[in-house]
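Please examine the sequence and the structure shown here before reading on.

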Amino acid sequence: MKNFFDKYRIFVWLFLVTAILTLVSTAGILTNTQHTIDQFRAKSNPIKATGEIVFVGIDKQSLDSIGVWPWPRSIYAQVIDKIGELEVAEIGVDIDFSAASIPKEDAVLSKSLEKAGGSVVLPLFVQDRSTASDDNNLAANKPIAQFEQHAWLASVNVVPDRDGVVRRFPFGVTVEGEFIDSMPAVLSGVFGRANEMININYSIDPKTIPSVSVKDLLSGKIDRNVLAGKTVLIGAKAVELRDNFAVPVHGILPGAIVQILAAETLKQNLQVTKLNPIIVMLAVASSILLVMLVGGLFIHKRKFLAGISALIVTGVAIEFIGLHVYNAYALILPSVETQVLLFSMIIVAVFKRVDLQSWLIKLIKSDLSNTQQMLDQVVSDNASAILVVSEEGKALTVNKQFREYFDLSEVDEEADVFSDILPKLIEDEIRGAIVALKLNDINDHRKGLIELGNPNKENDLKTFEYTVTASKLSRFEDANEVEEYIACVTAWDITTKLEQERRIAYHAKYDELTGALRRSEFHASVIDRLNSLNSHDKCIIFAINLHRFKTINVTLGRDIGDEVLKAVKKRVVKNFSGSCQIARTGGDTFLLEVSGDLSHAEIKVLAEHLISTINEPFYIDKSTLTVGLRVGAACSADLQTLSASQLIENAEIALDEACKTSGNGFVMYEEVFTAVQDYARTIESDLWQSLDRNEIKLFYQPQVNLKDGSLIGVEALVRWKHPALGFVSPADFVEIAEANGYIDQLGRWVLHKACEDALSLPEHMTIAVNVAPIQFKRTDVVQDVKDALAQTDLPAHRLHIEITEAGFLEASDDIVATLNELRSMGICLALDDFGTGFSSLGYFAKFPINKIKVDQMFVRTLERGSQNEAIVKSVKELANGLELKMICEGIETQEQSQILCDIGVEEGQGYLFGKPLPLQDILQLAHNPIKLRA
């Protein structure tokens with residue numbers, strides 16, 4: 001019997017190595033190596049995307065062109081409208097709309113979604129309410145109801161593996177009993193069931209996915225055929241937006257691209273399938289065993305080389321087969337365990353071939369020792385905490401991490417860890433796993449969470465995630481097979497991960513800078529308050545805006561501004577103790593909720609107390625600062641139906657009215673304010689179609705030479721005749737156009753139309769066009785001017801560009817460069833409304849100004865010997881010294897004209913010479929100058 005065992009010792013090695021590799025594979029120690037092989041296979045045969053799904057990316061150029069982040073909802077509305085005009089099949093959006101923004105912005109986006117006719121799919125984000133993964137614990141972040149009613153929903157949660165790499169994507173999630181398909185499933189039209197995953201095929205090359213920049217889309221620089229008839233996904237691409245994930249093969253990709261790759265995987269039927277590595281290894285081991293029994297390879301010395309060659313050929317063949325089945329069938333053939341098995345068999349065969357009886361036992365022991373050391377090293381260096389324990393509780397292997405995590409620094413291997421050393425929970429899991437394996441329950445994989453440390457000490461309590469897997473080993477004693485049961489415990493410290501999740505959850509509710517509630521959480525608290533009010537109490541919302549805060553940011557810096565915001569929040573909380581809630585909803589805007597049995601008079605007293613409290617000086621960084629306060633308030637008693645959204649909106653409407661005052665102010669909401677807001681919303685909604693409907697016109701106000709009264713030019717003034725509202729004041733719609741971005745299109749049209757009309761005027765006449773300061777930030781003003789001059793052939797010297805003082809107050813180096821380039825073209829630059837804002841001599845040193853336009857506030861009350869006359873004289877002397885021209889607007893009487901002429905002012909405009917007139921009337925004046933009253 002001994003001779004037989006010696007002769008066939010290699011069979012024993014085959015069984016032993018297979019058992020060890022089974023344990024190693026179960027512990028996941030070779031997983032990273034297999035991932036490396038899988039990536040090589042994926043790279044070997046890149047696959048093109050179908051081109052049916054197009055990525056519309058928010059890239060750095062798009063962020064720079066808009067100039068603010070987060071974007072106003074109206075920008076997304078423009079994007080959806082632009083895409084919708086190209087007749088795409090479906091529009092997916094990977095942007096979080098779960099919180100309301102400015103009501104008028106939300107209204108614009110809602111209208112675009114409704115216009116899209118149900119072709120838009122909005123994202124649904126889910127997060128665990130607890131650390132469990134049960135769907136019943138999932139909390140959904142849906143788009144606000146205003147958007148959801150016009151769109152479909154799709155889940156967009158990306159699920160990384162434990163190593164942080166994204167290899168799979170859920171087919172969907174179940175939220176509150178309803179299964180929501182994922183964005184990749186919706187984009188591809190291939191749907192699955194709950195708990196099913198999409199195994200993404202990263203052989204698909206993301207560079208072959210058609211991609212369009214939002215900037216190019218909005219500017220109309222893309223070919224219609226790129227999007228027509230396609231499915232579109234809008235998402236983040238810029239690195240600054242931090243929506244990027246680690247993936248196999250391609251490194252780091254935006255989350256939206258990962259979703260498109262998942263959709264392409266479904267669309268091309270390329271889902272990756274992985275075989276069980278243990279089954280593959282056992283199949284190869286069985287084949288080797290059969291060959292040894294039948295062919296005698298390795299047993300007979302003369303067949304040694306044939307056996308070694310067979311093992312090598314088998315290893316190479318497995319890799320070729322693995323590469324082929326991956327490329328042909330998207331099937332992953334796990335080969336690491338098998339290759340280790342084959343390599344081990346080669347080593348064993350070599351040792352057996354030496355056939356030195358005297359060294360055989362030593363060599364076998366050495367091999368076992370080396371193998372054990374290798375496994376010990378792998379276990380020791382593993383980032384996870386690993387313990388291998390016998391059924392009796394003896395520690396077979398325990399690495400450094402496990403000792404540190406579970407305080408086993410004094411425990412040696414072979415020690416009994418069941419003697420009150422291991423936590424009782426882990427001990428019970430080990431015993432349960434072994435019992436389950438004895439009952440042939442091979443699918444019993446135990447996992448859970450455990451907290452260790454002293455909960456009374458700060459930063460001492462840690463949370464670990466663990467898995468317990470049982471295995472059965474066989475060994476021979478005196479030719480008898482003996483079975484042993486062991487268990488492998490693997491643990492990970494997830495304390496930091498849970499803390500990050502808690503931090504994310506906190507910042508989802510609270511403003512990071514001030515600690516005040518975010519708008520969505522404030523809205524929820526108001527709902528709770530309204531539901532809990534008794535018959536006497538009322539809920540009052542104060543909308544608060546800090547007056548002059550922008551000046552602090554500009555003059556003292558944003559760091560000081562941030563400290564002011566934090567100090568304001570603390571002061572409000574301190575002076576309104578009790579159950580009040582405060583939220584920060586904008587840069588310098590807050591919402592405050594209080595309740596009680598208060599009359600309108602008492603609410604006013606409370607608001608005045610709030611104003612006086614905030615108006616007290618702040619002492620920050622050796623600076624003494626004061627800020628004003630505008631307050632709008634709304635009371636639940638004034639609502640016909642209790643609605644948190646309406647109550648908050650009413651307070652903000654009242655704040656808009658309060659902000660129209662010059663200093664501190666308080667306004668209580670009145671129903672008439674809503675009518676004003678509705679008027680503004682009508683203007684904003686219809687403004688987008690005004691140019692297409694030919695409702696926008698240009699009127700021109702004469703500009704004259706004050707010495708002889710001759711007509712020397714005109715100023716272009718925009719007018720809008722609404723079909724229902726009649727003439728809408730520019731003061732109403734221009735401000736709205738600047739806020740919602742329509743000023744870009746409107747300003748470009750005014751510039752082109754004014755240059756075109758100027759060709760009808762005598763050649764000596766100039767035409768002045770106002771350019772809003774925000775146009776210098778959002779558009780390429782130089783290119784717009786070049787286009788207008790090129791298309792009309794108007795000489796550059798006949799075009800005057802007027803920019804208000806507000807444009808110079810925050811002028812960047814880019815704006816200065818733009819002004820210099822305009823002046824180098826021969827265009828006259830005028831500082832408009834001089835004297836109304838923060839007039840500074842620094843304008844003249846820094847900016848290339850040709851002309852000063854004195855505001856009408858100094859002219860309409862101009863009399864001889866008055867202060868205004870002295871001011872105008874001073875400005876004229878300054879203009880003369882700097883060789884600048886000067887024009888005064890608002891001239892209404894002959895006496896005013898004469899005073900200005902005596903001062904030396906060259907040019908003027910005002911009702912004395914004519915109101916703003918249509919082009920035809922201006923042409924008559926140009927040919928009949930006697931009609932001028934001056």
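## Terms and basis

A residue is called buried when its relative accessible area is under 20%, exposed when the value is over 50%, and partly exposed in between, with a 1.4 Å probe and protein chains only. The model is predicted: local features need pLDDT of at least 70, side-chain atom pairs count only at pLDDT 80 or more, and totals for chains, interfaces and linings use all residues. Residues are numbered from 1 along each chain as its sequence is written, and side-chain values use heavy atoms, with hydrogens and water left out.

## Overall architecture

The protein chain contains 34 helices and 36 strands. These elements are DSSP runs numbered from the N terminus, with helices (H or I) of at least four residues and strands (E) of at least two. Of the 934 residues in the chain, 48% are buried.

A contact means heavy atoms within 4.5 Å. Among contacts between residues at least 6 apart in sequence, 68% join residues at least 24 apart. The chain exposes about 45800 Å², and carbon and sulfur atoms supply 52% of that area. Accessible areas come from the Shrake-Rupley method with a 1.4 Å probe, and for residues only the protein chains shown count as cover.

## A pocket and a surface patch

Rolling a probe the size of a water molecule over the atoms shows where empty space is left. A pocket is defined on a 1 Å grid over the protein atoms alone, as an open set of points where a 1.4 Å probe fits, with protein on both sides within 12 Å along at least five of seven lines; lining residues have an atom within 4 Å of a point. Grid points are joined across faces, edges and corners, and a volume is the space filled by probe spheres set on the points. The second largest pocket has a volume of about 1400 Å³. It is lined by 40 residues, of which Q78, K82, L218, D744 and Q745 are the closest to its centre. Elements that give two or more residues to this lining include α5 (73-85), α9 (214-218) and α26 (743-758).

On the surface, I312, V316 and F320 form a nonpolar patch with about 310 Å² of accessible area together. Patches are made of residues with over 30% relative accessible area and no salt bridge; nonpolar side chains (Val, Leu, Ile, Met, Phe, Trp, Tyr) are joined within 5 Å, and like charges within 9 Å. V316 belongs to helix α13 (residues 304-329) and is partly exposed, with a relative accessible area of 43%.

## A buried arginine

R519 lies in helix α19 (residues 519-532). Its relative accessibility is 18%, so R519 counts as buried. Leaving aside neighbours within four places in sequence, R519 is in contact with A100, S101, T585, L591, I648 and E652. The C-alpha atoms of R519 and L591 are separated by 8.4 Å, although the two residues are 72 residues apart along the chain.

## Backbone features

Most residues other than glycine have a negative phi, and most peptide bonds are trans. W69 and P70 are joined by a cis peptide bond, with omega about 0°. P70 lies in the loop between α4 and α5.

R548, which is not a glycine, has a positive phi of about 70°. R548 sits in the loop between β21 (538-547) and α20 (549-556), and its relative accessibility of 38% makes it partly exposed. K622 also has a positive phi, near 65°. The loop between β24 (618-620) and β25 (623-625) holds K622, which counts as exposed at 88% relative accessibility.

## Salt bridges

Side chains of opposite charge can pair when their charged atoms come close. A salt bridge is a side-chain nitrogen of Lys or Arg within 4 Å of a carboxyl oxygen of Asp or Glu. The structure holds 32 salt bridges. One of them joins the side chains of E87 and R224 (4.0 Å, N to O). E87 lies in the loop between α5 and β2 (90-93) and R224 in helix α10 (residues 224-227), so the pair ties together parts that are 137 residues apart in sequence. E87 is exposed at 59% relative accessibility, whereas R224 is partly exposed at 39%.

D163 and R167 also meet through their side chains in a salt bridge (2.9 Å, N to O). D163 is partly exposed, with a relative accessible area of 40%, while R167 is buried at 17%. Both residues take part in a network of salt bridges that links D161, D163, R167 and R168.
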